[in-house]
Amino acid sequence: MTVVARTSYDVFPEFAPPEVEIRTETPGLTPEQVEALVTTPIENVVTGTTGVANVRSQSIQGLSDITIVFANGTDFLRARQAVAERLTEVVRQLPSAARPPAITPLVSSTGTVLVIGITSSTRSLRDQRTFVDWTLKPRLLAVPGVGRVSVQGGEVRQLQIQVDPDRLRAVGLGIADVVAAAQHATGVRGAGAIETANQFIRVRTEGQLTTATALGGSAIRAANGAVVHLSDVAHVVDGAEPRMGAGAIEGTEGVVINIEAQLGANVRTVATSVEQALDGLEPAIAAEGFTLHRALFRPSTFIDLALHNVVSSLLVGGVLVAIVLLLFLADLGAAAVSLTAIPLSLVTALVVLDRFGLTLNTLTLGGLAIAIGEVVDDAIIDVENIARRLRENRTLPVPRPAADVVIEASLEVRSSIVYATFVVALVFLPVIALTGVQGAFFRPLGLAYLIAIFASLVVALFVTPALTLLVLSRRKARVAEPRLLTILKRGYVRALERLGRWPRLLLGATALVIIGACALVPTFGGTFLPEFNEGHLRVHASAVPGTSLDATLAIGRVVTAVLHGDSRVRLVAQRAGRAELAEDTYGTHYSEFEVDLVPQTGRSARQPGRAGKGKGKEKREEEGESVSEDLRARLATIPGVSFAVIPYLTERIEETLSGATAPLVIKVFGPDLDSLDAVAARIADAVRPIAGVANVEAGSPAVTPETLVRLDPVALALHGIPAADALDAVETATLGATVGQVFEGSRSSDVVVRIDPARLGAPEDLASVPLEGSGGQIVPLGQVATIARTTGRYAVAHDGARRVQTVTADIVGRDVASVSRDIETRVRARIALPRGVYLEVAGSANAELAAERELRARGALAGFGIIVFLWMAFRDARRLGLILANVPFALVGGVAAVALTGGVLSLGSLVGFVTLFGIATRNAIMLVSHYDHLVRIEGVTWGPAAALRGASERLGPILMTALVAGLGLLPLALGSGDPGREIEGPLAVVIVGGLLTSTVLSLFVLPTLALRYGCFTAKT
């Protein structure tokens, strides 16, 4: 209980490799300048860091964003320290316009704790942002476990000096004069102290101008007896800094706050602490006139639901196992002894997992859920055999001591128990050995499963015999076997005798069924991981590059209304552009919507949209579209905007796999940006007609509107104006020059000089910016520069220090693997690549193929190991062949189960087949071992009678172990697609289907095979 109480809970284990993100603000620099002057030097330095697996980057206007991906197993803190040390080497090489590179806080790959929002009908966006920045954000950052708080939307206060170019020219001043005067007016200086004979007295100065009125009255220069003040040439106002992003909740503009947990923190615990902090702040928030939106996105809700679903599967499976044992053993004591294996094995597994530092998540719990029907198998075999031998002993004229009977009965099945357990362990080694994201997902599942299985082996070998002796040997003599087992044996023997008359027909029919199953496998589709039913979706919307924030917000209001046309949508929040210090590099044309859904089960979530009337609704019902597909169809009606609808967890997984939030990514590498753009555009055109492909986008936009200011060196020299002064003037006019800060209590605001926005309504207005030439003459910028409208690159991306352009696509209505194959074939056949340009296909399709290759290769090694192990155990090729015959028997049911549930193989399904083959050999080992015991130990002559007797005596254990394994997994299989069961559900479906056919075929076909091809003799 102590371990369960203190362990961390999450949906998934940490699946992303160690990453370090470096962000360098470069105000005013173009993407090409950022790439050449900032990104490339930093990449060159950090790429050589020990353990670096890949380096990705985005260079956009004013920002360099570099992500360094380290190899799995690298220590996060050491990686950050190594990168920080490398950065000290490159800081001196960066241009003066670049601010010092910053390493972003260390957060989990799925560390979003909460997304909340602030709106108000009475307070301004500036008031909202000020409250969030100076009151709400510091309180949230103080919550234990919070790693980062990203704020998007509102207006950040600035004290702005908005210069009027005409008034400035009229008094004969340049914009540099205003900057210098503002710096002097807002400067903060320290002072020393005065010492007297008895005292040391500090000196404090107060003279900073902190209000717009006071600052406007400060002097720029005195001329002809008159003083020119800032207010004479500029509007000095409380303004807002230019916005890079905006936020809206339900179409109302406000502030959206994203709260992320530190790496390794318990998301559920942090979420609870954050909500408690919000409880304390809510009265203050309401008193300020703000409305708090507490749960725009709350991942811990999905965590709670997912864990509840998996735990309920464990409990229901345990109850079904208990019922089966009571029915078959018809003995409460014997059933209780068998059931002790479940809590002992599972508790042992939890303690060991805690020792390994693994969180309790849906994968570790899924491993325990898969094991719940098997941890009791060993105990069942032991208890059933001991109970049977005790009954036989009681029929003897002189019964032997019960202790001797128990020991011998336990030793009789001990070898088969050990063999079966080690075979299962060998089969699971390829799952544990998976690398990359797939390994991060399934390794905890495999470890939990194996620990539980080995714990059950220890229980069966040492605890079960002692408990059985204690419980069963002291009871009143009971000779008859359970009634249910007697009835089943009678019918089973009759059926086996009849089938034994036509061995060739039976074996031929079995072979045909197996061949049919094998022929069906190539027709299956494939997917890396299923879509997660989180009850929450993220919608990415991209408009035309250059779209303003106001226009993007207007589009957001339309999107919100369209989404609310589906009654399953509960709430919509928009983040437009990007937030300061956040990980995204989106432009003002880009939006991300948090779409929270009405809580639903996995089955109802996959049903068609309930909104709509008439034929449209009926059509959706016939097609059975999911929520995301329905929303895609609705959003497709909005012109001029491309959309992608992705669950949060799927988005994080895709981004980890390829650096892009899409299941399919085609990367185009090459040295020339224009060639990359052209090839990416041709690939996008070639991919769009392929069935199942949707939302095809050619990476970052190739162009965005720009204004080019090209200085004329001759004109500059003629007027005596340094080029740097002209460039500074352009920067000040458009970006603003930060000249100081004003302080009010603990709050601070920048003081910025810029041209009055009202005087910059068009690019051509830059021509009036005044420059100061030689002799004090005032020269308009238009006289020394050419100003023209043009287009420029929005971003320059690197992958592995190579320039890259990407083509991304969603996959709808088809499996990822088949669509990827079609795309590769079409692209390679139709697209002629220029010299130096080459392609890579990435995304979940690649990850799925890599996982398949790993499973095949390591599965082959594990298969060889199993054969060697079984050969060492039985030393007979025929017996080995009989045991391995159960593998194709199990394949039939697994394939049938996949075909009946959609015909798509996910990674979970593949792991299910691997697991199934290990479980299926258990029944064959039990039967073959018992035949060997009858002939070698009891001296029974091998023949039809021996085959019938051995099969009937193993009927009970085989049926019980198969039923408890299958019924233990049945809740997971039936709930496949429900939150928390998306990965384990397909796995459980395969195992349940395979267990059904392997049990039937091993009971009815294996005895016939053994009689026809087996060779059991009294010789060892």
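Helices here are DSSP runs of H or I with at least four residues, strands are runs of E with at least two, and both are numbered from the N terminus. This is a predicted model, where local features need pLDDT of at least 70 and side-chain atom pairs count only at pLDDT 80 or more, while totals for chains, interfaces and linings use all residues. Residues are numbered from 1 along each chain as its sequence is written, and side-chain values use heavy atoms, with hydrogens and water left out.

**View 1. The whole protein chain, before we zoom in.** You're looking at 34 helices and 34 strands. The C-alpha trace spans about 135 × 80 × 60 Å along its principal axes. Of the chain's 1020 residues, 55% count as buried, meaning under 20% relative accessible area; exposed is over 50%, and partly exposed falls in between (1.4 Å probe, protein chains only).

**View 2. A nonpolar patch on the surface.** Here V319, I323, L327, L484 and L488 come together, with about 390 Å² of accessible area between them. That area comes from the Shrake-Rupley method with a 1.4 Å probe, and for residues only the protein chains shown count as cover. To join a patch, a residue needs over 30% relative accessible area and no salt bridge; nonpolar side chains (Val, Leu, Ile, Met, Phe, Trp, Tyr) are joined within 5 Å, like charges within 9 Å. A salt bridge, by the way, is a side-chain nitrogen of Lys or Arg within 4 Å of a carboxyl oxygen of Asp or Glu. Helix 10 (299–329) and helix 17 (483–499) each supply at least two of the patch residues, and helix 10 gives the most, with three. L488 belongs to helix 17.

View 3. Skip the neighbours within four places in sequence, and L325 still has contacts (heavy atoms within 4.5 Å) with residues including A330, L339, I380, M960 and V964.

**View 4. T999 tucked into helix 33.** T999 sits in helix 33 (residues 984–1004). T999 counts as buried because its relative accessible area is 7%. Not counting residues up to four places away in sequence, T999 touches N923, I958, L959 and A962.
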